[in-house]
Amino acid sequence: MSRGPRSGLAAVSSALLAMSRHLEVRDVLKTIVASARELLGAQYAALGVPDDHGGFAQFVVDGVSDAQWKAIGPLPRQHGILAAMLHDAGPERLADVREDPRFEGWPSTHPELSDFLGLPIRDGDETIGALFLANKNCPKPQGGCGFTEEDEELLAILAQHAAIALTNARLYERSRELTIAEERSRLAHELHDAVSQKLFSLRLTAQAAAALVDRDPSRAKGELQQVAALAAEAAEELRAAVVELRPAALDEDGLVATLRTQIQVLDRAHTARVTFTNAGFRALPAAQEEAMLRVAQEALHNALRHSGAEHVYVTVGRRGCGAALRISDDGRGFDPQSVRSAGRHLGLVSMRDRASGVGGTLAVESAPGKGTTVEMEVPGG
């Protein structure tokens, strides 16, 4: 086993558990390279996922600062040593990568690499990535490589588990894309039904106003006022639907900023007052933040469309070692038992599935005339 700073079975087990804990592809890649660099005591580590055009769809590094990475410039192409790792099944262990005949140089701002250990990440017969380490933190043998056969064996174990974690993450993202498509289809149906009803009423009211304009101007004026009100309601429905259909900017803005923006728009679009409070929320893994956002959207949908609430309150914050989301309203409420018995769910099944899917819990409290509170809690915030 490598004599790096965290060698041993416990360190390997910790690294493998860290890989399996994440669901987002980007998070998995970052965990793999960080674990590999720490376990093998290397100065640099990187992992590239190839695309179909001679480049890399994703390329993650560890040991390089953000400023250094920005200065390096565009992602590398599939050539030289990287191409060898993607197209050959075996590992590459070199005393000095710069002296290998396949070495084709790097940008002037690129860190200097010397001894090198790399190998492909494979899923069956498919190469899904290239993982490599450079500059072993140890005294180098004269003309030799700091990385040992034991390091190579350990990296091979990590690569095998990395393939599993990466494949699982890809399957999760594909599943999530299907879920988003289903939600968009649902929203499209709701938008069609709600706006169609408003426009039908608007058309009938406008026809009534036209018929009255000559013989009863005062009544025609009332009907035209109703036309204006119906048009405003239709516009509210459209604005609310656009907010829900717009992709959440979680990657760039995080849960707090995304929720705040959506709630500000909902507050303007609906007669109910919708407020948002951040009670010390800390950033979560991407999968948990997305689950909390989707639960918030479903609960807000119920509160604004079905409850008749005057006020809706949304709060996110810390809860012990984790985080909590709370959506409460002063609407008409409902009997949860009666809803279950009638086979109606109000999205509760979907919300519970989202919560449990990221290791969290969901609680719903409601009673006729008492409003509704939906609370989601997740660990590790």
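Q: Why does Arg98 count as partly exposed?
A: Its relative accessible area is 35%. Buried means under 20%, exposed means over 50%, and partly exposed lies in between (1.4 Å probe, protein chains only). The value 35% falls in between, so Arg98 is partly exposed.

Q: What kind of model do these values come from?
A: This is a predicted model, where local features need pLDDT of at least 70, side-chain atom pairs count only at pLDDT 80 or more, and totals for chains, interfaces and linings use all residues. Residues are numbered from 1 along each chain as its sequence is written, and side-chain values use heavy atoms, with hydrogens and water left out.

Q: Why is Asp96 called buried?
A: Asp96 has a relative accessible area of 18%. The cut-off for buried is under 20%, so Asp96 is buried.

Q: What makes the meeting of Arg98 and Asp96 a salt bridge?
A: A salt bridge needs a side-chain nitrogen of Lys or Arg within 4 Å of a carboxyl oxygen of Asp or Glu. Here the N to O distance is 2.9 Å. That is within 4 Å, so the pair qualifies. The structure holds 12 salt bridges.

Q: How do you know that Arg93 and Glu152 form a salt bridge?
A: Their closest N and O atoms are 2.9 Å apart. This distance passes the 4 Å limit, so the pair counts. Helices (H or I, at least four residues) and strands (E, at least two) are DSSP runs, numbered from the N terminus.

Q: Why do Arg93 and Glu152 count as partly exposed?
A: Arg93 has 34% relative accessibility. Glu152 has 22%. Both values lie between 20% and 50%, so both residues are partly exposed.

Q: What makes Arg326 and Glu375 a link between distant parts of the chain?
A: Their side chains meet in a salt bridge at 3.2 Å, N to O. Arg326 is in strand β8 and Glu375 is in strand β10, 49 residues apart. Both also belong to a salt-bridge network with Arg319 and Glu377.

Q: Why is β10 described as largely enclosed?
A: 5 of the 7 residues of β10 are buried, so the rest of the structure largely encloses this strand.

Q: How do you know that β8 and β10 pair?
A: Two strands pair if DSSP finds at least two bridges between them. β8 and β10 have 7 bridges and run antiparallel. The count meets the limit, so they pair. Ile327 stands opposite Val374 in β10.

Q: How do you know that β9 and β10 pair?
A: They are joined by 6 bridges and run antiparallel. At least two are needed, so these strands pair too. Ser366 stands opposite Thr372 in β10. The hairpin of β9 and β10 has 5 residues between the strands, and there Gly369 takes a positive phi near 80 degrees.

Q: Why do β6 and β9 stand at the edges?
A: The open sheet has 5 strands in the order β6-β7-β8-β10-β9, with mixed pairing. β6 (273-279) and β9 (361-366) each have a single partner strand, so one side of each is left without a neighbour in the sheet.

Q: What makes β6 and β7 a pair?
A: 7 bridges join β6 to β7 (residues 311-319), and the two run parallel. The bridge partner of Thr277 in β7 is Thr315.

Q: Which residues have the most contacts inside the largest nonpolar core?
A: They are Leu259, Leu325 and Met376, in a core of 37 residues. A nonpolar core is a set of buried Ala, Val, Leu, Ile, Met, Phe, Trp, Tyr and Cys residues joined through side-chain atoms within 4.5 Å. α8 gives the most to this core, with 10 residues.

Q: Which residues is Met376 in contact with, leaving aside its neighbours within four places in sequence?
A: Among them are Ala291, Val295, Leu325 and Leu362. Contact means heavy atoms within 4.5 Å.
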